[in-house]
Amino acid sequence: ASKAVGYQVQYALKPNFSHKKQKKVKALTVKLKKLKSKKTYYIRVRAYNKKSGKTAYGKWSTKKKCRVK
């Protein structure tokens, strides 16, 4: 997003994102560490912007299915 201050990344082992973990980043690329090997993770991202002290979030992206080697 062109006016985004940063991005929020969510990842989980289940497609409904129960027991999820979140990370806020400012860069367009991120390396997620301490993932379990040979497991499938579901990842989604959304942009956020700050206006007058409040955080406004965009819509979540479609979830992406990734397998850790």
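In which strand is Arg46 found? Arg46 is found in strand E3, residues 40-51. The model is predicted: local features need pLDDT of at least 70, side-chain atom pairs count only at pLDDT 80 or more, and totals for chains, interfaces and linings use all residues. Residues are numbered from 1 along each chain as its sequence is written, and side-chain values use heavy atoms, with hydrogens and water left out.

**Figure 1. The protein chain as a whole.** The protein chain has 0 helices and 5 strands, in the sequence order β-β-β-β-β. Helices (H or I, at least four residues) and strands (E, at least two) are DSSP runs, numbered from the N terminus. The C-alpha trace spans about 45 × 20 × 15 Å along its principal axes. Of the 69 residues, 20% are buried; buried means under 20% relative accessible area, exposed over 50%, and partly exposed in between (1.4 Å probe, protein chains only). Among contacts (heavy atoms within 4.5 Å) with a separation of 6 or more, 51% are between residues 24 or more positions apart.

**Figure 2. Surroundings of Arg46.** Arg46 counts as buried because its relative accessibility is 18%. Its side chain makes a polar contact of 2.7 Å with the side chain of Gln8. A polar contact is a pair of N or O atoms within 3.5 Å; within protein, one must be able to donate a hydrogen and the other to accept it, and residues adjacent in sequence count only if both atoms are side-chain atoms. Leaving aside residues up to four places away in sequence, Arg46 touches Gly6, Tyr7, Gln8, Tyr57, Gly58, Lys59 and Trp60. The charged end of Arg46 sits over the ring of Tyr57, 4.1 Å from its centre (CZ of Arg or NZ of Lys within 6 Å of the ring centre and within 35 degrees of the ring normal).

**Figure 3. The rings of Tyr48 and Tyr57.** The structure holds 2 aromatic pairs. One of them joins Tyr48 and Tyr57, tilted, at 5.9 Å centre to centre with 50° between the planes. Rings of Phe, Tyr and Trp (its six-membered ring) pair if their centres lie within 6.5 Å; planes under 30 degrees apart count as stacked, over 60 as edge-to-face and the rest as tilted. Tyr48 is buried at 7% relative accessible area, whereas Tyr57 is partly exposed at 36%. The charged end of Lys24 sits over the ring of Tyr48, 4.8 Å from its centre.

**Figure 4. The loop at Ser18.** Ser18 lies between strand E1 (6-12) and strand E2 (21-25). Ser18 is partly exposed, with 26% relative accessible area, and its side chain joins that of Asn16 through a polar contact of 3.1 Å.
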